[in-house]
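Reader: I am new to this structure and would like to know what the terms used for it rest on. Please go through them one at a time.

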Amino acid sequence: YVAALVGLLVIGRLSDRSGQRGRLVALALFGLGLFLLASVLVHNEILSLAFLVGAGFFLFAPHAPFWAIPAELFAAEQRGAAMGMISLIGNIGAFIGPYAVGYVRQETGSFVIGAIILVGSLWVGALLATQIKDRQPPAIERIYGMEAR
């Protein structure tokens with residue numbers, strides 16, 4: 001979780017400075033998938049743990065730029081409904097995902113195949129995130145609520 005905290009802060013800061021929210025969400029999702037996949041494919045416990053820590057860096061990293069996207073794309077009166085719909089879809093995925101992995105594990109006897117399915121869904125999300133039109137970075141006055149000096 002220390003790596004997750006660092007990832008959240010680093011990617012969030014990059015997102016605010018660059019305005020490249022979609023690309024940073026895609027980078028974080030791809031990185032999470034890559035490290036998660038590596039952690040289940042290696043057959044060394046120490047190396048697997050190291051890859052899990054690397055995955056931890058990307059675990060919460062997409063949150064800051066992701067939730068900034070609907071705030072920028074939707075009018076104030078639409079934001080609540082849009083964010084609620086996003087949360088609904090995410091919660092449905094969080095409900096179905098463990099059942100899908102459990103089903104695949106039961107049918108194949110392999111946890112690795114279930115992990116590959118999860119990684120595939122992360123990478124599909126990363127591909128979709130690359131299609132988000134990034135806005136110009138906001139003026140520093142609006143970020144910090146003060147005039148630039």
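Reader: Which residues are buried in helix α4?
Author: The model is a predicted one. In α4, which spans residues 63–73, the buried residues are P65, A68, I69 and P70. Buried means a relative accessible area under 20%.

Reader: What covers the buried residues of α4?
Author: The cover includes α1 (2–18), α2 and α5.

Reader: Why are α2 and α4 called roughly antiparallel?
Author: Their axes cross at roughly 150° and come within 9 Å. Angles over 145 degrees count as roughly antiparallel, and α2 and α4 therefore get that description. The crossing of α2 and α4 is left-handed. On the α2 side, R21, G22, L24 and V25 make the contact, and on the α4 side P65, F66, A68, I69 and E72 do.

Reader: Why give both an angle and a distance?
Author: Two packed helices are described by the angle between their axes and by the distance between those axes.

Reader: Which residues does V25 touch, leaving out those up to four places away in sequence?
Author: V25 touches P62, P65, F66, I69 and A129. Contact here means heavy atoms within 4.5 Å.

Reader: What makes a set of residues a nonpolar core, and how many residues has the largest one?
Author: Members must be buried residues of the nonpolar kinds, joined through side-chain atoms within 4.5 Å. The largest such core has 14 residues, and V25, L29 and L32 have the most contacts inside it. Two or more of its residues come from each of α2 (21–41), α3 (45–59) and α6 (111–129). The largest share, 6 residues, is given by α2.

Reader: Where do α4 and α5 meet, and how do their axes lie?
Author: F66, W67, P70 and A71 of α4 meet R79, M83, I86 and S87 of α5. The two axes come within 9 Å and cross at roughly 145°. The crossing of α4 and α5 is right-handed.

Reader: Is M83 buried, exposed or partly exposed, and how do you know?
Author: The relative accessibility of M83 is 26%. Buried would require under 20%, and exposed would require over 50%. M83 therefore counts as partly exposed. This residue is found in helix α5, residues 76–108. Leaving out residues up to four places away in sequence, M83 touches W67, P70 and A71.

Reader: What makes L128 count as it does in terms of exposure?
Author: L128 has a relative accessible area of 58%. The cut-off for exposed is over 50%, so L128 is exposed. L128 lies in helix α6. Its C-alpha atom is 9.9 Å from that of R23, 105 residues apart along the chain.

Reader: How many helices and strands does the protein chain have?
Author: There are 7 helices and 0 strands. From the N terminus on, the order of elements is α-α-α-α-α-α-α.

Reader: What share of the protein chain is buried?
Author: Of the 149 residues, 28% are buried. The accessible surface comes to about 9900 Å², and 69% of this belongs to carbon and sulfur atoms.

Reader: Among contacts between residues at least 6 apart in sequence, what share joins residues at least 24 apart?
Author: That share is 67% in the protein chain.

Note on methods:
Residues are numbered from 1 along each chain as its sequence is written. This is a predicted model: local features need pLDDT of at least 70, side-chain atom pairs count only at pLDDT 80 or more; totals for chains, interfaces and linings use all residues. Side-chain values use heavy atoms; hydrogens and water are left out. Helices (H or I, at least four residues) and strands (E, at least two) are DSSP runs, numbered from the N terminus. Buried means under 20% relative accessible area, exposed over 50%, partly exposed in between (1.4 Å probe, protein chains only). Accessible areas come from the Shrake-Rupley method with a 1.4 Å probe; for residues, only the protein chains shown count as cover. Axes are lines fitted to C-alpha atoms, for helices over the stretch in contact, and angles run from 0 to 180 degrees between N-to-C directions. Angles under 35 degrees count as roughly parallel, over 145 as roughly antiparallel, 65 to 115 as roughly perpendicular and the rest as oblique. A crossing is left-handed if the near helix is turned anticlockwise from the far one by less than a right angle, and right-handed if clockwise.
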